[in-house]
Each structure stands twice: as C-alpha cells, then as structure tokens.
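Reader: Can you walk me through this one? Keep it quick, and give me the cut-offs as you go.

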2 protein chains.
Amino acid sequence: MSDCIFCKIAEGEIPAKIVFQDNHVVAFEDINPQAPVHVIIIPRKHIPTISDLTEDDQELVGYMHLVANKIAAKNGLTEDGFRLVTNCKKASGQEVFHIHTHFLGGREFGWPPG
Amino acid sequence: MSDCIFCKIAEGEIPAKIVFQDNHVVAFEDINPQAPVHVIIIPRKHIPTISDLTEDDQELVGYMHLVANKIAAKNGLTEDGFRLVTNCKKASGQEVFHIHTHFLGGREFGWPPG
C-alpha cells in the first residue's frame, strides 16, 4: 500500500490537480486526458481491484457515483452527460492497482468503448 | 416507467438472456455484443440516469459492482479482468433511460474507451 501512487495522491504526497476531495473520496485530473474533462475518482481506502470489493464497500462505490455527479455539475456537464469507465485487471488496461473510475466528459463518445 | 424496456426485461415481460437476477439486480446479455462477454447490469429500481441517483441508491449501485464480480466468476474472467462502462445521457450514447452498467470481458480493451 505504501507504494500505491493513488494512495500517495490521496495523502498529498504526490501532487495532482485535485478537483474534489472529502473523507471518503478523492478526484483528480487524469495526466493523460482522453476527453476535455477526464477525472479519476478514487476511494481513499486502498482496494486493489473491483474483484476485491466486499459488501462493506458497496456504499463507498455508490458514493463515487454521487461524486461523479458533483464533477459533472462543476463542469457544466449535467445536461450533456458523461461516460464512467472502470477497468479491472490486465485485459481492460488497469494500470494502477487501486480502484478508480474514469469520468470522461465534454465530447461525444463512440461505441464500442475501447 | 411502464414504457421502460429494461423494467419490462426485469419483470420478464420482454425476453432476454438473463445471466443473473435477485431481488435488487438483473443482468442480461447485450443484444449487440461488443466483446465475447457483454452483459448489461441493471437495478430493478427504475432510475433514469446516473444524474438521478440519490444517497439512498449508493448501496444499490455498489451492489451492481459485486454482481459484476459474480458475472466475471461465472465466465472465468476473474483472473483476466473486465471493463465496466456506464453511460450517462446523450454525449455518452445512453440509449435506454434506466441506469445500466455494461460488463465487457473476454478480449483486450483499447484506450480511449470510445
């Protein structure tokens, strides 16, 4: 956990453009943005992958979606909408093993999603 | 709500290849699959978009992620992983206005996600 880059961002040890934070969730700009608004939403709790979620985490994961709505509102995207993407493990391209949801907005998104 | 195709699937009024269901969540195969395993996970509760979520829905949305893990396990994808995608409104391509998460697995996924 001490080597987790997202834990370090959440604790302020590694700089990031934080767009939202509270006791449970931190959201910051993706350094490799794929859309005009591309924010990574993480829980402060270190959970490596979606596979590691337990019943105790349900409310937290749901709350990350309410945070997505706050980010949409801040960026004037509530009306147009946005895409949320969560990668789990290798096939999907998960690179940091601390669960995170990509919030993407500000353009049209194609299908398939990658 | 009576015109909602996903409510009708959840109630068995419209046929679908159901892969999981319980009192809270229904999951069924996407009729237009974008991956070897492409399942749509919905809550039974009719919530039009992510924007409409309230604090009362947090646990339900988190639970949809635990269902994703069940679907991964059933399809032997726990090790390789999967991608979850939730579209919110027009820019993202949301077509059915009943929240749903796309579970995609069984191949490698590119970036950007659409």
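Reader: Start with chain B. How many bridges join E1(B) to E2(B)?
Author: Three bridges join them, and the two strands run antiparallel. Strands count as paired if DSSP finds at least two bridges between them. Helices (H or I, at least four residues) and strands (E, at least two) are DSSP runs, numbered from the N terminus.

Reader: Hold on. What kind of model is this, and what are the ground rules?
Author: This is a predicted model: local features need pLDDT of at least 70, side-chain atom pairs count only at pLDDT 80 or more, and totals for chains, interfaces and linings use all residues. Residues are numbered from 1 along each chain as its sequence is written, chains are lettered from A and ligands numbered from 1 in the order in which they are written, and side-chain values use heavy atoms, with hydrogens and water left out.

Reader: Back to that strand pair. Which residue is the bridge partner of B:Phe20 in E2(B)?
Author: B:Ala27 is the partner of B:Phe20. A hairpin makes the link from E1(B) to E2(B), through three residues.

Reader: What is the strand order in the whole sheet?
Author: The sheet is open, has 10 strands and pairs antiparallel. The order is E1(A)-E2(A)-E3(A)-E5(A)-E4(A)-E4(B)-E5(B)-E3(B)-E2(B)-E1(B). At the edges are E1 (18-21) of chain A and E1 (18-21) of chain B, each pairing on one side only. From one strand to the next, the twist averages 20°. For angles, axes are lines fitted to C-alpha atoms, for helices over the stretch in contact, and values run from 0 to 180 degrees between N-to-C directions.

Reader: What packs on the sheet in chain A?
Author: Helix H2 (residues 58-74) of chain A does. This helix touches E1, E2 (25-29), E3, E4 (82-88) and E5 of chain A. Contact here means heavy atoms within 4.5 Å. The direction of H2 makes about 150° with that of E3(A).

Reader: And in chain B, which strands does H2 touch?
Author: H2 (residues 58-74) of chain B touches E1, E2 (25-29), E3 (37-43), E4 (82-88) and E5 (101-105) of chain B. Its direction makes about 150° with that of E3(B).

Reader: How many bridges join E3 to E5 in chain A?
Author: Five bridges, between residues 37-43 and residues 101-105, running antiparallel. A:Val37 has A:Gly105 as its bridge partner in E5(A).

Reader: Where the chains meet, how do E4(A) and E4(B) pair?
Author: Antiparallel, over seven bridges. There, A:Arg83 stands opposite B:Asn87 in E4(B).

Reader: How much area is buried between the chains?
Author: About 3600 Å², with carbon and sulfur atoms giving 57%. That is the accessible area (1.4 Å probe) that two parts lose on being put together, summed over both. In chain B, B:Gln58, B:Ala91 and B:Trp111 lose the most area to chain A, together 17% of what that side buries.

Reader: How many residues take part in the contact?
Author: 40 from chain B and 40 from chain A.

Reader: Polar contacts and salt bridges between chains: what are the counts?
Author: Zero salt bridges, but 23 residue pairs in polar contact, both at pLDDT 80 or more. A polar contact is a pair of N or O atoms within 3.5 Å; within protein, one must be able to donate a hydrogen and the other to accept it, and residues adjacent in sequence count only if both atoms are side-chain atoms. A salt bridge is a side-chain nitrogen of Lys or Arg within 4 Å of a carboxyl oxygen of Asp or Glu.

Reader: How many salt bridges over all chains, then?
Author: Two. One of them joins A:Lys45 to A:Asp57, with the closest N and O atoms 2.5 Å apart. Both residues are in the loop between E3 and H2 of chain A, 12 residues apart.

Reader: Backbone next. Which peptide bonds are cis?
Author: Among them are A:Trp111 to A:Pro112, with omega near 10°, and B:Trp111 to B:Pro112, also with omega near 10°. A:Pro112 lies in the segment after E5 of chain A, and B:Pro112 in the segment after E5 of chain B.

Reader: What is phi of A:Lys89?
Author: Near 70°, a positive value in a residue other than glycine. A:Lys89 is in the loop between E4 and E5 of chain A.
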